[in-house]
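Biologist: Let's look at this model together. I want to ask how you know what you say about it.

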Amino acid sequence: MKKNSAPDKDFSEVSNLGNPISKIVVSRGNPFAKLMIVGEAPGAKEEEVGEPFVGRSGKLLDKLLQNAGIDISLDVYFCNVVKCRPPKNRRPTKTEIQENLPWLYQQIKLVNPEIILLVGATALQAILKNKSPISILRGKWINWDGRLVMPIFHPAYLLRNQSKEEGSPMSLTKSDFLKIKEKIDTLK
């Protein structure tokens, strides 16, 4: 090896808190959208493809948006609080969330959405600093930093609770998306 030359490093050796990182997942969708959807962290499929919400949960989320009349390629920008998949797909730690928040805040500043959907408890707690159960806050409009924010159930939760009966998580989420569509239409 030459003097002062860095050893060859494979990108997969780079780490996040000592954990190997194979891919950073930043976003998908329209960077000029009025609606930003913020999830927890990439899963296996998201890490593989390099885009958020492209696995089973993402497909359900896309379907819910489209069924409410929201154009996923034009009206939505998707991202996550944490930009790298946590080991064994575990929930991100407080330290990982804190390390990633400046990146998320920069995305919010650049995209400048009027509406932000917080998908699941991790996104809710990271942005609103609120530890209330998502079942209490979901579907409610909250003013945050000059924007309208609404927490919603994570699609992975909906996949585990597939009942479509009135009052079920799926039924409540469908009504949330109709409220979201109505709000988007008032902004146009």
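Biologist: At what angle do the axes of helix α3 and helix α4 cross?

Modeller: This is a predicted model. In it, the axes of α3 (residues 94–111) and α4 (residues 121–128) cross at roughly 80° and come within 11 Å.

Biologist: What makes α3 roughly perpendicular to α4?

Modeller: Angles of 65 to 115 degrees count as roughly perpendicular. The crossing is at roughly 80°, so α3 is roughly perpendicular to α4.

Biologist: Which residues meet there?

Modeller: From α3, Ile97, Leu101, Leu104, Tyr105 and Ile108. They meet Thr122, Ala126 and Ile127 in α4.

Biologist: Now α7. How do you know what span to expect for α7?

Modeller: Helix α7 covers residues 169–187, which is 19 residues. The expected span is 1.5 Å times one less than that number. This gives 27 Å, and α7 reaches 27 Å from its first C-alpha to its last.

Biologist: Which residues of α7 are called buried?

Modeller: Buried means under 20% relative accessible area. In α7 those residues are Pro169, Met170, Thr173, Asp176, Phe177, Ile180, Lys181 and Ile184.

Biologist: Why do you say that the buried residues of α7 line one face?

Modeller: Seen down the helix axis, they fall within an arc of 145°, so they line one face of α7. The face turned away from the buried side carries Leu178, Glu182 and Thr186, which are exposed.

Biologist: What do the buried residues of α7 pack against?

Modeller: Their partners are β4 (35–39), α2 (56–67), β6 (115–119), β8 (147–152) and α6 (155–160).

Technical notes: Residues numbered from 1 in each chain as written. Predicted model: local features only at pLDDT ≥ 70, side-chain atom pairs only at ≥ 80, totals over all residues. Heavy atoms only, no water. Helix = DSSP H or I, 4+ residues; strand = E, 2+ residues; numbered from the N terminus. Buried < 20%, exposed > 50% of the residue type's maximum accessible area, 1.4 Å probe, protein only. Arc of directions from axis to C-beta. Contact = heavy atoms within 4.5 Å. Axes fitted to C-alpha atoms, helices over the stretch in contact; angles between N-to-C directions. Parallel < 35°, antiparallel > 145°, perpendicular 65-115°, else oblique.
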